[in-house]
Amino acid sequence: MERISRARHNALQEGIVRLSVRYICAVGAVLLATVPASISPAGAALPILNPVTIWIPPEWHTGGAYTAIQSAPDGRVYLGTTVYNGFARFAVLPPSGQAFQLIAEMASATGEKTPGPYAQAKIHTKPAVAPDGKVYFGTKSGKPADEERWQANYPGGHLLVYDPQGGRVTDLGIIKPRQSIIAVGVDPQRNLAYALTDPEVHLVVYDPRSRTFADRGAIGVHPPTRYLVVLANGDVYHRAGADAFNRYQASSGRIERLPLQISGRGTYEVPYAVAASPDGARFHGVGEHTGQVYTFVPGERSITVHLHGAAVAEGQALPATHYTMTAAPDGNIYYTATYNRGAALYLLRLRTSTGTPEVVGQVGPLPALPPGYPYRTTDRLMVQGSTAGPDGTLYVMLAYPLRVLVFPRLARP
């Protein structure tokens, strides 16, 4: 989840009140008021963006979900939730749908039936959609992955795959004992799946033909991120400190450290959120607090980093929180910013053709909580994930309370 203090995190968990009655999800029927094509001229008021709000049924979570949202080429949107001391859920939003539908509950999917601190409580991974349409995702412990007292009794994260054609979830097994899975990816050329472990930060490769796992070794330093970049050639990238990224070269099966060669104006803050470019040959990142935006161009022995500066909404001041980033069908990269300790939410984008970061608009007032909502909520907006559908619809996931903001055709091709 967003990196708040552990005390704050525990307070949120302890404040959760479980209800035994079934809750019906509510949909805020508020349409997108404006779809700007570019940043407003200096001094002009920014467009106010009014998304549709889709609430996730509370029996599927305990207030939050983290990063695990991803659209597929067919227009479906997949989402994973968190159930502390219980079992996470995997759900789907049909194309043009107004409510998520449950696909699987992780007790049934994994065969592990005992709730508590060692249950498969989280799906942290952004689902990865393979060329054949199958969707890979993984499970994670609900306890801190770097604390031995919890990891020692945790069986390990499961890699799972969902086949939308047959409507079936298959458990591929625990990839490594006592290790959670925090990110997944797919090699589109070789039809292989990738999984990133926590806390070891190892890259594990799954071959569906032989149904085997291969641990390729450490691809990053602790703590890992939930963003695993996979380019069109199957190469995988993960940050490796302040001045390098590690690359798993799919053709050779080796992991190598590539130093950064920085060019352009601005400063470099190691990004948490990264996204592969629509061209499949490079990737982009955003500094979590500075909002500095970058393009990473891999070479044979290094990675060139082009600094693009930061887009800052008029009347707001840094630092802000930039925690999610996604590629879109219009060829651009969209990301979010929350200012004033989460009081104001803006959408931003990087125009990849010019390397220009810009503010798209401010998100308008959001609907009030549905009646009887059972969980405590934060006094700020906690953005946790985003994705863009094939028609350019942008989806932004917020936690505490858990909901998805839908911006129809905002990034249409």
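This is a predicted model: local features need pLDDT of at least 70, side-chain atom pairs count only at pLDDT 80 or more; totals for chains, interfaces and linings use all residues.
**Exercise 1.** Work out where S386 lies, whether S386 is buried or exposed, and which side chain S386 joins in a polar contact.

*Solution.* Start with the fold: S386 sits in strand β28, which covers residues 382-388. Next, check accessibility: S386 has 3% relative accessibility, so this residue counts as buried, the cut-off being under 20%. Now look for partners: leaving out residues up to four places away in sequence, S386 touches I69, K126, T324, M325, T326, Y395 and V396. Finally, pick out the polar contact: the side chains of S386 and T324 are joined at 2.7 Å.

**Exercise 2.** Find the salt bridge made by K176 and D215, and say which parts of the chain this pair links.

*Solution.* First, the distance: K176 and D215 meet through their side chains at 2.8 Å, N to O. Then place each residue: K176 is in the loop between β11 (168-174) and β12 (180-187), while D215 belongs to strand β15 (residues 212-218). The two are 39 residues apart, so distant parts of the chain are linked. Last, widen the view: K176, E200 and D215 are linked in a network of salt bridges.

**Exercise 3.** Decide whether E256 and R247, which meet in a salt bridge, are each buried or partly exposed.

*Solution.* Begin with the pair: the side chains of E256 and R247 meet at 2.7 Å, N to O. Take E256 next: its relative accessibility is 23%, so E256 counts as partly exposed. For R247 the value is 5%, so R247 counts as buried.

How values were computed
Residues are numbered from 1 along each chain as its sequence is written. Side-chain values use heavy atoms; hydrogens and water are left out. Helices (H or I, at least four residues) and strands (E, at least two) are DSSP runs, numbered from the N terminus. Buried means under 20% relative accessible area, exposed over 50%, partly exposed in between (1.4 Å probe, protein chains only). A polar contact is a pair of N or O atoms within 3.5 Å; within protein, one must be able to donate a hydrogen and the other to accept it, and residues adjacent in sequence count only if both atoms are side-chain atoms. Contact means heavy atoms within 4.5 Å. A salt bridge is a side-chain nitrogen of Lys or Arg within 4 Å of a carboxyl oxygen of Asp or Glu.
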